[in-house]
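Walk through this model with me, one region at a time.

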Amino acid sequence: MRCEHLLKEQPAVAYCKGFFFCGQEPFVADEYIERLAWRTPGGGSRGGEAFDPKRLLEEFVNHIQELQVMDERIQRKVEKLEQQCQKEAKEFAKKVQELQKSNQVAFQHFQELDEHISYVATKVCHLGDQLEGVNTPRQRAVEAQKLMKYFNEFLDGELKSDVFTNSEKIKEAADIIQKLHLIAQELPFDRFSEVKSKIASKYHDLECQLIQEFTSAQRRGEISRMREVAAVLLHFKGYSHCVDVYIKQCQEGAFLRNDVFEDAAILCQRVNKQVGEIFSNPETVLAKLIQNIFEVKLQSYVKDQLEEHRKSDAEQYLKNLYDLYTRTTNLSSKLMEFNLGTDKQTFLSKLIKAIFISYLENYIEVEIGYLKSRSAMILQRYYDSKNHQKRSIGTGGIQDLKERLRQRTNLPLGPSIDTHGETFLSQEVVVNLLQETKQAFERCHRLSDPSDLPKNAFRIFSMLVEFLCTEHIDYALETGLAGIPSSDSKNANLYFLDVVHQANTIFHLFDKQFNDHLMPLISSSPKLSECLQKKKDIIEQMEVKLDMGIDRTLNCMIGQMKHILAAEQKKTDFKPEDENNVLIQYTNACVKVCGYVRKQVEKIRNSMDGKNVDTVLMELGVRFHRLIYEHLQQYSYSCMGGMLAICDVAEYRKCAKDFKIALVLQLFDTLHALCNLLVVAPDNLKQVCSGEQLANLDKNILHSFVQLRVDYRSARLARHFS
């Protein structure tokens, strides 16, 4: 226990038999003792030696003594190191204090030096101001003396100074003459008229020489010389002439291709890179170049292109106007990249307006006139191709009265017109009209003033409504209505559904153009509601005529079925002479009616779309059911005849399934159940009448069917309904 306690007090350092362990790993006393015992002879069972506790104790005591000696030695070394560290810390603190004192002295010296420098600088500035105050008047006096000397030469009439005679000193001469010219303007004319004229003459000569030098340098491509001369001319009145010369020479050879707009863009891009190296006000020079291009080159080009067709060819005139205006605005967009001053947008807009204002003032009148004549020509060319003389659709008076009577009575007023299957609707015509209108909308968007855009777009839309909707679609509907035969006509050809189909397709195209091309132009203006109302009125007007035509067409279909039934159905079909020799499954009339109905159902599906198909088929199905119902009540039925009637109705019901309308199928199911009353045994009659399909029917309807039986009186069937 004592050994273990002493060893646990030495966690950092251990020494044994010349081995020194530094605390690289955690010290574990138990493991250390085990290793010491294992190495000691007689300390364990190693090598078969017997355990010797005395020897092990002796080894432990010796080892502990060695550790104590080692601990004392290390402790002395630690104390020595601590004393040395304290000594060095005191020396370092003393050195830091000395450095701080020297730093304070240096900082004080620096402040003194800074104050001295500031003082000297103030003196130097003051001295400079004094020198400048003395030197400036002196320089002015010297300059005035020189000017007086040169002025005297003009007074004497002989220029002797080298600055006027040496052509290489034109820059200095220009500076002098410019100043003399300013002085001369202040002198009285009566005393100095001669010298003033001489100075003005020299001023003009030098100005011309400088401009000529600038021109020559530009032709040689010497940018540095051009910059020098332009800087001298900046103070002369002829500076603007220098800019004009530069602009004129820039354009020489620049417009050699057919595309004047592309040439202008390339020229401006080239000059933009160069003008800043030559002139002190490059944005003004570039703006003047652009103005010159617009007012000279572009304006003459536009005039040549437009005046040629302005009165002779409206179509080509409008195309050229749109193309030229678009290309001009595109060029303007490219020029917006350059520095042209503060308000370059307004500057370029004014240039464009100056070119096109005479053409844009009456643009919409030309557009409407062309659209009107072009649309009329497209329609007339179509009717001529059909050898059709267009009828005039009357308005007011008798025509309105006929229209109201026809809407209320659904009767054809006046003779029916044979259209020979022609609908007088053409998708080609419609596409041409819509294409012309689309181009007109595009031109309107580009060429109209923003304030006039909605109004102009509405006028174009009105043209489209007039020629497409009124002159073409509405005329075709009127003609189609007039071509619908009366309901009692035999073998009538019904083409109105073709008119419906084509009118529906055309109106989809019309509606698409309304949304795609007109709406963006009027969406944020009061004209939007006016256009929507006009479109709504057109739709309602056409729907009335379509509904009327479809209704009369359905009447004709029913009339055709009546003719088939009247011609094919015989009284002996349902009351055969030989009850035992009936070989047919259903009558010939039924076969022909069902065949006719199936063709009409298919035609209706091909002519309409959406809910309109179901609506029309439901109406036809209801009328078809009423026809068969009334037709069956015209005959008397024997037992076999009743079976044949049931077979006919079953075939009608199969035909009704093609309608895919639940109500129609339900009506024929009920009719089929009613036909069962023609063959049911008298004793079961009451039970059948109270069945699921017939229970809700009026008793008079059931009674009327039972009365059609040949055995109605003999079997006393009336008692079931009393």
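Start at arginine 327. Its relative accessible area is 25%, so arginine 327 counts as partly exposed. The model is a predicted one. Arginine 327 makes a salt bridge with aspartate 259, and the closest N and O atoms are 2.5 Å apart. The two partners come from distant parts of the chain. Arginine 327 sits in helix α11, while aspartate 259 sits in the loop between α8 and α9.

Now step back to the whole chain. It contains 24 helices and two strands. Of its 722 residues, 39% are buried. Take the contacts between residues at least 6 apart in sequence: 74% of them join residues at least 24 apart. The accessible surface of the chain is about 42800 Å². Carbon and sulfur atoms account for 51% of that surface.

Return to the helices around the first pair. Helix α10 covers residues 282–307, which is 26 residues. From first C-alpha to last, α10 reaches 36 Å, close to the 38 Å expected at 1.5 Å a residue. Where is the kink in α10 centred? It is centred on leucine 298, with an angle of about 35°. Leucine 298 is also one of the buried residues of α10. Others in that set include Val285, Leu286, Leu289, Ile293 and Phe294. In a helix of the α type, residues three or four places apart point the same way, because there are 3.6 residues a turn. Which helices do the buried residues of α10 pack against? They pack against α8 (239–250), α9 (260–278), α11 (314–335) and α12 (344–360).

The loop between α8 and α9 also holds glutamine 251. Is glutamine 251 buried or exposed? The relative accessible area of glutamine 251 is 12%, under the 20% cut-off, so glutamine 251 is buried. Setting aside residues up to four places away in sequence, glutamine 251 touches Leu267, Leu289, Asn292, Ile293 and Lys297. Leu289 and Ile293 are among the buried residues of α10.

Next, look at two backbone angles. Asparagine 387 has a phi near 55°, a positive value in a residue other than glycine. Asparagine 387 is placed in the loop between α13 (363–385) and α14 (398–409). With 72% relative accessibility, asparagine 387 is exposed. Phenylalanine 424 has a positive phi as well, near 60°, and is likewise a residue other than glycine. Its loop runs between α14 and α15 (427–447). Phenylalanine 424 is buried, at a relative accessible area of 7%.

Further along is lysine 490, in the loop between α16 (453–483) and α17 (496–522). Its relative accessible area is 64%, so lysine 490 counts as exposed. What does lysine 490 contact beyond its neighbours within four places in sequence? Gln560 and His563 are its partners there.

Side chains of opposite charge can pair when their charged atoms come close. The structure holds 28 salt bridges. One of them joins aspartate 658 to arginine 598, with the closest N and O atoms 3.1 Å apart. Aspartate 658 is in the loop between α21 (639–657) and α22 (662–675), and arginine 598 is in helix α19 (residues 588–607), so this pair ties together parts 60 residues apart in sequence. Aspartate 658 is partly exposed at 31%. Arginine 598 is partly exposed at 29%.

Another salt bridge joins the side chains of glutamate 213 and arginine 220, at 3.7 Å from N to O. Glutamate 213 is partly exposed at 25% relative accessibility. Arginine 220 is partly exposed at 46%. Which residues are linked with them in a network of salt bridges? The network consists of Glu213, Arg220, Glu222 and Arg225.

Finish on the surface. Tyr119, Val120 and Val124 form a nonpolar patch there. Together they have about 290 Å² of accessible area. Tyrosine 119 belongs to helix α3 (residues 53–156).

Terms used:
Residues are numbered from 1 along each chain as its sequence is written. This is a predicted model: local features need pLDDT of at least 70, side-chain atom pairs count only at pLDDT 80 or more; totals for chains, interfaces and linings use all residues. Side-chain values use heavy atoms; hydrogens and water are left out. Helices (H or I, at least four residues) and strands (E, at least two) are DSSP runs, numbered from the N terminus. Buried means under 20% relative accessible area, exposed over 50%, partly exposed in between (1.4 Å probe, protein chains only). Contact means heavy atoms within 4.5 Å. Accessible areas come from the Shrake-Rupley method with a 1.4 Å probe; for residues, only the protein chains shown count as cover. Patches are made of residues with over 30% relative accessible area and no salt bridge: like charges are joined within 9 Å, nonpolar side chains (Val, Leu, Ile, Met, Phe, Trp, Tyr) within 5 Å. A salt bridge is a side-chain nitrogen of Lys or Arg within 4 Å of a carboxyl oxygen of Asp or Glu. The expected span of a helix is 1.5 Å times one less than its number of residues. The bend at a residue is the angle between axes fitted to the seven residues ending there and the seven starting there.
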